[in-house]
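I opened my notebook to see how one chain folds. My plan was to take one element at a time and write down what I found.

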Amino acid sequence: MTTSAQSSTPLTVRQQALVTVSAYTATGNLPRLHAVLSQGLDAGLTVNEAKEVLVHLYAYCGFPRSLSGINTLMNVLDERKAKGLNDVMGKEASPITSTAPKYERGKKNLEQLTGKPETGAKTGANAFSPESDVFLKEHLFADLFERDVLTFQERELATVAALVSLGGVEPMLEFHLGAARHVGFTEAQLRQLIGLCEAAVGQPKAEAARAVLAKVLATNQK
């Protein structure tokens, strides 16, 4: 595929479903989440993939939102089953066979997401709160990101959508927009993502996200 073709390829219907499910989970809009979960299943998400998105998002918007989302998914599945719809469960996460320390596995996954090796002494929040660095590496980037129900690309799609929808987390959004670019999303696809979130959360949060994206794109061009 040529570069121009890649740059004009929109998010698939399945990818759009991941975005809208993440947006409405982050905002706690359960009636709309109910609707988009059903649409996502129709678009090809398996039950385990839909569930995995909701589990993944607890790391970004908390257990209350995540568990509310899981309960909503359970209701959706019950309703669809009553209508005679048999949704595909899909694969479960593969067992972790690596014997490497969890911190090192998480660090490697993080470097794969960003394309940047982590070297030298800890700085910023990681230096001030080293326990947070350990939790991030060992739990978020090892325990969660190693679960292969979703790809790294799909996890970044869900993460960015949640952070756009939460608002007020620009440094984290900047990091994950950069990671999304590194794992293969184009500028056009990320603009489409923000547009999908705008329908869920309104113009102010969307415009704030567009400003962060502009900063990421400008940095990448240097």
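**Helix H9**

I began with H9 and its length. The 15 residues of H9 should span 21 Å at 1.5 Å a residue, and its end C-alpha atoms are 21 Å apart, which agrees. The expected span of a helix is 1.5 Å times one less than its number of residues. I took helices as DSSP runs (H or I, at least four residues) and strands likewise (E, at least two), numbered from the N terminus.

Before going on, I noted the ground rules. This is a predicted model, where local features need pLDDT of at least 70 and side-chain atom pairs count only at pLDDT 80 or more, while totals for chains, interfaces and linings use all residues. Residues are numbered from 1 along each chain as its sequence is written, and side-chain values use heavy atoms, with hydrogens and water left out.

Next I asked how many of the 15 residues of H9 are buried. I found 13, so H9 is largely enclosed by the rest of the structure. Buried means under 20% relative accessible area, exposed over 50%, and partly exposed in between (1.4 Å probe, protein chains only). Just after H9, I saw that Gly-167 takes a positive phi of about 70°.

**The core**

I then looked at the largest nonpolar core, which has 52 residues. H9 gives the most to this core, with 8 residues. Such a core is a set of buried Ala, Val, Leu, Ile, Met, Phe, Trp, Tyr and Cys residues joined through side-chain atoms within 4.5 Å. Which residues have the most contacts inside it? They are Val-164, Leu-173, Leu-177 and Leu-193.

Not counting residues up to four places away in sequence, Val-164 touches Leu-173, Leu-193, Ile-194, Cys-197, Lys-205 and Ala-209. A contact means heavy atoms within 4.5 Å.

**Helix H2**

H2 covers residues 13–27. Its 15 residues reach 21 Å from first C-alpha to last, close to the 21 Å expected. I counted 12 of the 15 residues of H2 as buried, so H2 is largely enclosed by the rest of the structure. Among them are Arg-14, Gln-15, Leu-18 and Tyr-24. What do the buried residues of H2 pack against? I listed helix H3 (30–42), helix H4 (47–56), H5, H9 and H11. Just after H2, Gly-28 takes a positive phi of about 75°.

**Tyr-60**

I found Tyr-60 in helix H5 (residues 58–82). Tyr-60 counts as buried, at 16% relative accessibility. Leaving out residues up to four places away in sequence, Tyr-60 touches Leu-140, Phe-145, Thr-159, Leu-163, Leu-166 and His-176. I also checked Tyr-60 against Tyr-24: they are 36 residues apart along the chain, and their C-alpha atoms are separated by 13 Å.

**Helix H12**

H12 spans residues 203–221. Its 19 residues reach 27 Å from end to end by C-alpha, close to the 27 Å expected. I noted the buried residues of H12: Ala-206, Ala-209, Val-212, Leu-213, Val-216 and Leu-217. They cover an arc of only 140° around the axis, which puts them on the same side of H12. The arc is that of the directions from the helix axis to the C-beta atoms. I recalled a general rule: an α-helix has 3.6 residues a turn, so residues three or four places apart point the same way. On the other side of H12, Pro-204 and Gln-221 are exposed. The buried residues of H12 pack against helix H9 (152–166), helix H10 (170–182) and H11.

**Cysteines**

How many disulfides are there? I got 0, taking a disulfide as a pair of cysteine sulfur atoms within 2.5 Å. The sulfur of Cys-61 is 12 Å from the closest cysteine sulfur, in Cys-197, too far for a bond. Cys-61 is buried, with a relative accessible area of 15%. Cys-197 is buried too, at 0%.

**Whole chain**

Last, I stepped back. The protein chain has 12 helices and 0 strands. I noted that buried residues make up 40% of its 222 residues. The C-alpha atoms fill a box of roughly 55 × 40 × 35 Å, taken along the principal axes.
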